[in-house]
Amino acid sequence: LKLLAGKDNCMFAVGDDDQSIYGFRGARVGNMRDFEKDFNIQHIVKLEENYRSHSNILDAANAIISHNTNRLGKNLWTAAGAGEPVRVYDAYNDTDEAQFIVDEIKMLHCEGTSLGDIALLYRSNAQSRILEHALFSANLPYRVYGGLRFFERAEIKHALAYMRLIANANDDTALLRVINFPTRGIGARSLEQLQESARAANCSIWQAAVNKVGHGKLGGKGIEGFVALIRHMVDHAYGISLSELTELAITMSGLTAHYENDKEGEDRIENLKELVTAAVSFTNQDFGNHNNVDGETEQDLLTQFLSHASLEAGEHQADVGREALQLMTVHASKGLEFKAVFISGLEEGLCPHEQSLFENAGLEEERRLMYVAVTRARQRLYLSHAQSRMLHGKVRYGIPSRFLDEIPEELLKRLNSKPITKSGYGRDYNELPAMMSKQQSNQQKSAMPWKIGQQVAHAKFGNGVVVSYEGNANDMRVQVNFGREGLKWLAMEFAKLSPI
């Protein structure tokens, strides 16, 4: 660039350092600052007037991004007026959050907002599964922008193919999909010969493979190893739950190990873990009566789950040209705009993502992601989080994202919760994030041996999560959410809790 510019240095560039969100692809937020220094730029024009969003939305975005230190600095404003407040919904769990979003979308649509002008954003691809199911159940057409629906993703299809073979090894379509994935040295010619043998014997490809190799050895190569693997999986699948069977399929098949070695396999592994969550939800009949989950055996439940996956994967994606809701990750939303935007899953560990806490400047990039997400909205913005969420087949109890805490209260409209006292809350999320009154003494804080959100075990009530506490050092009680057993207040003097 210096050679092209010459000694007169006639160089001009446009950019937004606050929207630098592709660090994992090599983008550097410092490029603009370096450009300014390397070319000795004297005249900088800040394009601060925004023609897209109302000022409540812009003020929320400005407040969030102001917490980043390494930025050139600007303050967006608009002549369009304040507009509507930013709506915040505190959901009981992820199912409640998804249902709230569906209900609001229906209301917006009835008021005249086109489905195509409504976007639903999430931090990672795996989060779309529960949202997609809620839309599917409500018969709302949707498209996944820049990606595939959950049950259409390649890694999910691979896992389901192994599960289909456990249910019925004579499923030729499932067998052909995974017989050499992950690769096990079965060439095209070997597979062609196997198919010819099946046609000649008028049997399934699986039966032809069994006839060819007999009793293969587990860990063997080629077709023999594949036959042994499926037999081994069938043996281990007997008598276990649907979620355990799903986990068995994705690990024993080698899918997890395969994607761990993939350069960009993290998202795929998260999707596979979310498939376990889908199996748990299906077992608990979270999917509603239309699935007819009435099987008396795990085999029946497996068959019904596979049928449900086929149904949800094959029939509900909106036709080209048809009005449809837009689902996408925050990364995919960059450069787009919508009349109404929903940002879901705003909890610590999801947004900001837990990996960002271990990366250099990772948290600042997560904040830029949130800035991008917020500024996609023109007129109405919804922010939602859940008190509990099913992740990787287990219930996870979270706390609201620090980004919610960074938005001034006067910009928010809390739909179902009281305003949060922000002094001292959310500034240091490595410390106890409890909302304590000013009257609490240091002695009381130090007397509390458990952290809010910590998992504990109780001999009678089982496993739970600490959600609150009260009292002083001499008479303190802790409140624990034990799931099905409900919320319990336990006196610290007598409660025998142990950390998990």
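The legends below describe close-up views of a predicted model. Because the model is predicted, local features need pLDDT of at least 70 and side-chain atom pairs count only at pLDDT 80 or more, whereas totals for chains, interfaces and linings use all residues. Residues are numbered from 1 along each chain as its sequence is written, and side-chain values use heavy atoms, with hydrogens and water left out.

**View 1. The second largest pocket and its lining.** The second largest pocket has a volume of about 1,300 Å³, and of the 40 residues that line this pocket, the closest to its centre are Phe-24, Arg-123, Glu-264, Asp-267 and His-331. On a 1 Å grid over the protein atoms alone, a pocket is an open set of points with protein on both sides within 12 Å along at least five of seven lines, a cavity is a set of points where a 1.4 Å probe fits but cannot get out, and lining residues have an atom within 4 Å of a point. Grid points are joined across faces, edges and corners, and a volume is the space filled by probe spheres set on the points. At least two lining residues of the second largest pocket come from each of α6 (154–167), α13 (266–283), β4 (325–329), α15 (330–333) and α16 (362–374), where helices (H or I, at least four residues) and strands (E, at least two) are DSSP runs numbered from the N terminus. By class, the lining of this pocket holds 12 nonpolar, 14 polar and 14 charged residues; Ala, Val, Leu, Ile, Met, Phe, Trp, Tyr, Cys and Pro count as nonpolar, Asp, Glu, Lys and Arg as charged, and the others, Gly among them, as polar.

**View 2. The crossing of helices α4 and α5.** The axes of α4 (residues 94–110) and α5 (residues 128–137) come within 9 Å and cross at roughly 45°, and the two helices are therefore oblique to each other. Axes are lines fitted to C-alpha atoms, for helices over the stretch in contact, and angles run from 0 to 180 degrees between N-to-C directions; those under 35 degrees count as roughly parallel, over 145 as roughly antiparallel, 65 to 115 as roughly perpendicular and the rest as oblique. The crossing of α4 and α5 is right-handed, a crossing being right-handed if the near helix is turned clockwise from the far one by less than a right angle, and left-handed if anticlockwise. Asp-94, Thr-95, Ala-98, Ile-101, Val-102 and Ile-105 of α4 meet Ile-130, Leu-131, Ala-134 and Leu-135 of α5, contact meaning heavy atoms within 4.5 Å. Eight nonpolar, one polar and one charged residues make up the contact of α4 with α5.

**View 3. The two cavities.** Searching the whole structure gives two cavities of 30 Å³ or more. The largest cavity, with a volume of about 60 Å³, is lined by Asp-94, Ala-126, Gln-127, Arg-129, Ile-130, Glu-274, Arg-389, Met-390 and Leu-391. Both α5 and β6 (377–391) supply at least two residues of this lining, and β6 gives the most, with three residues. The lining of the largest cavity comprises four nonpolar, one polar and four charged residues. The second largest cavity holds about 40 Å³ of space and is lined by Asp-17, Val-29, Gly-30, Arg-33, Asn-70, Arg-71 and Leu-72, which by class are two nonpolar, two polar and three charged residues.

View 4. A cis peptide bond with omega of about -10° joins Phe-181 and Pro-182, and Pro-182 is found in the loop between α7 (172–178) and α8 (188–201). Another cis peptide bond, with omega of about 10°, joins Cys-351 and Pro-352, the latter lying in the loop between β5 (338–343) and α16. Asn-40, a residue other than glycine, has a positive phi near 50° and is placed in the loop between α2 (31–38) and α3 (55–65).
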